Amino acid sequence: MKFFGGFFLVLFSSFLFSQTENLPLVVRTFVKQDTVLLRWAPTSADIMIKGLQNGYKIERIEGSESFENNPTLQIFSTRSFKENKSEFLNSSDKNVREMVAFVDELATSSSLNTTAKSMSFAVLMLGAGTNKEIAKMLGIYFEDFTAKKSNYIYRISINNSSETSSEIKVNAATLSENQ
């Protein structure tokens with residue numbers, strides 16, 4: 001099953017990346033019973049590293065208005081890898097514990113060549129697509145437990161950076177398939 005999940009992720013990622021030309025972050029949403037799940041992927045190794053170093057900001061507004069001066073604006077965040085590292089060193093998932101040193105080196109090293117970054121990016125995106133804890137460790141997973149049955153627009157960006165996703169419309173009253 002994990003193989004098919006990983007294979008699907010690779011195909012889905014290829015499709016998304018071909019459809020999003022210059023977007024640095026692509027987002028997928030899932031609506032569960034009382035939760036909106038957001039998973040996203042940076043489109044390059046350098047953007048992923050920037051996200052690991054800075055964490056992400058998740059903005060949500062209700063309805064279909066603009067983000068600017070919107071009274072319904074809510075801001076959530078994921079922390080940088082450095083801030084989350086200890087949580088994942090103690091994970092009950094052996095795969096996650098084994099990835100911590102790998103991710104730490106990627107987030108802190110300034111001497112990695114382009115090939116090493118690209119290969120690390122591919123491995124981590126595949127891992128994040130098949131393991132929720134790895135996605136959380138990379139900061140590319142968020143569960144919005146405050147969402148009600150309403151229409152929302154989400155936008156994700158890297159903290160202290162201009163890299164931003166497109167605006168993602170979500171109808172939280174309609175459950176995603178495959179519950």
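The legends below describe close-up views of a predicted model.

**View 1. The three-stranded open sheet, with strands in the order 1-2-5.** The pairing in this sheet of 3 strands is antiparallel. Strand 1 (25-31) and strand 5 stand at the edges and have a single partner strand each, so one side of each is left without a neighbour in the sheet. Averaged over the sheet and with direction ignored, neighbouring strands are turned by 20° against each other.

**View 2. The pairing of strand 2 with strand 5.** Strand 2, which covers residues 36-42, pairs with strand 5 in the antiparallel sense, and 4 bridges connect the two.

**View 3. The four-stranded open sheet, with strands in the order 4-3-6-7.** The 4 strands of this sheet are also joined by antiparallel pairing. Here the edges are taken by strand 4 and strand 7 (168-171), and because each has a single partner strand, one side of each is left without a neighbour in the sheet. From one strand to the next, the twist averages 25°.

**View 4. The pairing of strand 3 with strand 4.** Strand 3 (residues 56-62) and strand 4 run antiparallel and are joined by 5 bridges. Within this pair, isoleucine 58 stands opposite phenylalanine 76, a residue of strand 4.

**View 5. The packing of helix 3 against helix 4.** Two packed helices are described by the angle between their axes and the distance between the axes. For helix 3 and helix 4 (residues 94-108), the angle is about 160° and the axes lie 9 Å apart. An angle over 145 degrees counts as roughly antiparallel, and helix 3 and helix 4 are therefore roughly antiparallel to each other. The crossing in which helix 3 passes helix 4 is left-handed.

**View 6. The crossing of helix 2 and helix 5.** Helix 2 (residues 45-54) and helix 5 (residues 114-130) have axes that come within 9 Å and cross at roughly 70°. This angle makes helix 2 roughly perpendicular to helix 5, and the crossing of the two helices is left-handed.

**View 7. The second largest pocket and its lining.** The volume of the second largest pocket is about 220 Å³. At least two residues of its lining come from each of strand 4 (74-78), helix 3 (81-89), helix 6 (132-137) and strand 5 (141-144). The lining residues include Ser77, Thr78 and Arg79, together with Asn84, Glu87 and Phe88. Also among them are Glu133, Lys136 and Gly139, as well as Tyr141, Phe142 and Glu143. By residue class, the lining of this pocket divides into 3 nonpolar, 4 polar and 5 charged residues.

Notes: Residues numbered from 1 in each chain as written. Predicted model: local features only at pLDDT ≥ 70, side-chain atom pairs only at ≥ 80, totals over all residues. Heavy atoms only, no water. 1 Å grid on protein atoms, 1.4 Å probe; cavity = no way out; pocket = protein on both sides within 12 Å on 5 of 7 lines; lining within 4 Å. Points joined across faces, edges and corners; volume = space filled by probe spheres on them. Nonpolar A, V, L, I, M, F, W, Y, C, P; charged D, E, K, R; others polar. Pairing = 2+ DSSP bridges. Axes fitted to C-alpha atoms, helices over the stretch in contact; angles between N-to-C directions. Parallel < 35°, antiparallel > 145°, perpendicular 65-115°, else oblique. Left-handed = near helix turned anticlockwise from the far one by under 90°.
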